[in-house]
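Dear colleague,

Please find below the sequence and structure that I am handing over to you. My notes on what was found follow directly after them.

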Amino acid sequence: MSQQSILLGKPMSTDRLSSAVADPQAMEGLRGLLQEYTETSLKELLSADAWEAWQLEIPMPARKELARLLVELPDKVVVLGALFAFRMAVPENLVRETLGETITLEKLVDWGLVKVQAGQVQSGFEMRPYDFSNEVDTEYVESGVAEFWFLTDWPSSQMGCPLEPNHVMGIGGATRSLLRITPRGFISRVLDIGTGCGVQAIVAARHADRVVATDISTRALQIAAFNAALNGVEIELRQGSMLEPVIEESFDLVVTNPPFVITPPSQEPVMEYRATGNEADQLMTTLISELPKVLAPGGQAVLLGNWLHLNEIPWDERLMGLVPTGIDALFWQREVYSPSQYAQMWLRDGGKVVSLDQQTTSQFIDYLDYFRHISVEAIGFGYITLRRPLHGRLGFQMSEQISQWAPPTAKQVQSWLQSVQFASDHGFLGEEGLTSEILTSDIVLVKNPEVVEVRYFDPGTEDPRILVLQSSWGHKIQVGQVFAGFFGACDGELTCAQICAALAEILEIRLESIRFELQSTLAATWFNGFFM
């Protein structure tokens, strides 16, 4: 069977997708057709090697297996997977048999989704199933199931050529990371800035009364509208840059995976899905200072992005200095790239391979020259949470370097916000963080049951040399004997003052010394969710 591509050159137009959105009955038919086409069914269809290769953006092994299955066992998942997940040309008769009476092939052609030529059908877009049950608390999504379908432009690994400037990205690691840290709960108003294919807005629409999604790209908004209709949710789409379409409004939750990629001014055209043409990391610094303006009291924002490490300026001090007065902010830095690593990563993301052509090599050198010119030592990547407290007070800012292998979760974000609010409500939150007054108070603390104590011994000894508190989400904090005793006693019965007094008596150490030793470790564990 020939798998020669019908679609060559630039991606297909999105102008006709609006006719699909305007036809709810046909969209319902398409949604019904896709019910068996899930991430699980695709994974079960392919060998483990082919599936893993696909996750690494190498589709050829899966295409080879699907070409065989199209001949031997052309069931619905095989045909839909070949057509919409692997950009294969599929015989027209198989496509018609698969569509049945749910929706006609002519309708898909009219919508601009597929092309038919010489008895073969090929999709102009990727349309994949996604299971977000590992990223989203299913308590807050429809029927407890986090399955969705998203139409996007084909990635460069499927196209075999560099991406267009108005390319609309599919769903990758960054998207899933943002889904994972976004708090879920039944709320009134959500804003998704730079919505792209609409994934953050569409997932939020399952637990919010109203969702507004913005993007500067016409193509992205057309695709997002299609995806909202495909998944049976309503979102309000507005065109404009960043906060411009909503500057006079307020929201309970703001999510954004903005076009944060830092690009030398000499490189044109700018890729809309990842960069804005702003100088250096101006996009991120502007969002940090401006996002709080659209947060309602108690509202929070979650975002991810890049920031610069400039000569002799600590990265976290620079970012914290941008946070408006009265706003809580948490900065998690996950990775740090050298200028060369950063340049290679983003040139490759656009489908370009450094050293294989003169233009790309020149662009790589432009990156290095640009970073040197603006005194960049490194580039950080991570997550940011901002909150406007329900009642006016001093804001609290904190930063942390985290492992890329243990990304934060929404539960951790909420735990941090709750710990800040609790400390503030009880008068234990100062400009430097948790104050020592908590240790003399009648507050009763309860240790998180998901935190365990790990002890390390030298061979042949009875007493541990190192004590570590380790959470189920991968956070580790080395503690001393005094704090281990304090933490172990936080079972909801004794007050902080009573525990300190008991430790002083048992260890025969002055009470002031006990409190002094506990203070710094208590703050670290407090703000990292080690207490309930």
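In this predicted model, helix 18 (residues 481–489) packs against helix 20 (residues 511–526), with the two axes 9 Å apart and at an angle of about 65°. The two helices are therefore roughly perpendicular to each other, and helix 18 passes helix 20 in a right-handed crossing. On the side of helix 18, the contact is made by Val482, Phe483 and Phe486, while helix 20 contributes Ile514, Glu517, Leu518, Thr521, Leu522 and Thr525. Sorted by class, the residues of this contact are six nonpolar, two polar and one charged.

When residues up to four places away in sequence are not counted, threonine 521 touches Ile477, Val479 and Phe483. Phe483 is also one of the residues through which helix 18 meets helix 20.

The contact of helix 2 with helix 12 comprises five nonpolar residues, no polar residue and one charged residue.

I turn next to the aromatic side chains. The count of aromatic pairs in the model comes to 25. One of them joins tyrosine 342 and tyrosine 367 in an edge-to-face arrangement, with 6.3 Å from centre to centre and 75° between the planes. This pair links distant parts of the chain, as tyrosine 342 belongs to helix 15 (residues 339–349) and tyrosine 367 to helix 16 (residues 358–373), 25 residues apart. Tyrosine 342 is buried, with a relative accessible area of 0%, and tyrosine 367 is likewise buried, with a value of 0%.

Tyrosine 342 also forms an edge-to-face pair with phenylalanine 371, at 5.9 Å centre to centre and with 70° between the planes. Because tyrosine 342 lies in helix 15 and phenylalanine 371 in helix 16, this pair ties together parts that are 29 residues apart in sequence. Both tyrosine 342 and phenylalanine 371 are buried. The residues of these two pairs, tyrosine 342, tyrosine 367 and phenylalanine 371, belong to one aromatic cluster, which also includes Phe260, Tyr337, Trp346, Tyr370, Phe381 and Tyr383.

Finally, I draw your attention to phenylalanine 428, which is found in the loop between helix 17 (410–425) and strand 14 (429–430). Leaving aside neighbours within four places in sequence, phenylalanine 428 is in contact with Ala423, Gly433, Leu434, Thr435, Glu437, Ile438, Ser441 and Ile443.

With kind regards

Methods
Residues are numbered from 1 along each chain as its sequence is written. This is a predicted model: local features need pLDDT of at least 70, side-chain atom pairs count only at pLDDT 80 or more; totals for chains, interfaces and linings use all residues. Side-chain values use heavy atoms; hydrogens and water are left out. Rings of Phe, Tyr and Trp (its six-membered ring) pair if their centres lie within 6.5 Å; planes under 30 degrees apart count as stacked, over 60 as edge-to-face and the rest as tilted. Helices (H or I, at least four residues) and strands (E, at least two) are DSSP runs, numbered from the N terminus. Buried means under 20% relative accessible area, exposed over 50%, partly exposed in between (1.4 Å probe, protein chains only). Axes are lines fitted to C-alpha atoms, for helices over the stretch in contact, and angles run from 0 to 180 degrees between N-to-C directions. Angles under 35 degrees count as roughly parallel, over 145 as roughly antiparallel, 65 to 115 as roughly perpendicular and the rest as oblique. A crossing is left-handed if the near helix is turned anticlockwise from the far one by less than a right angle, and right-handed if clockwise. Contact means heavy atoms within 4.5 Å. Ala, Val, Leu, Ile, Met, Phe, Trp, Tyr, Cys and Pro count as nonpolar, Asp, Glu, Lys and Arg as charged, and the others, Gly among them, as polar.
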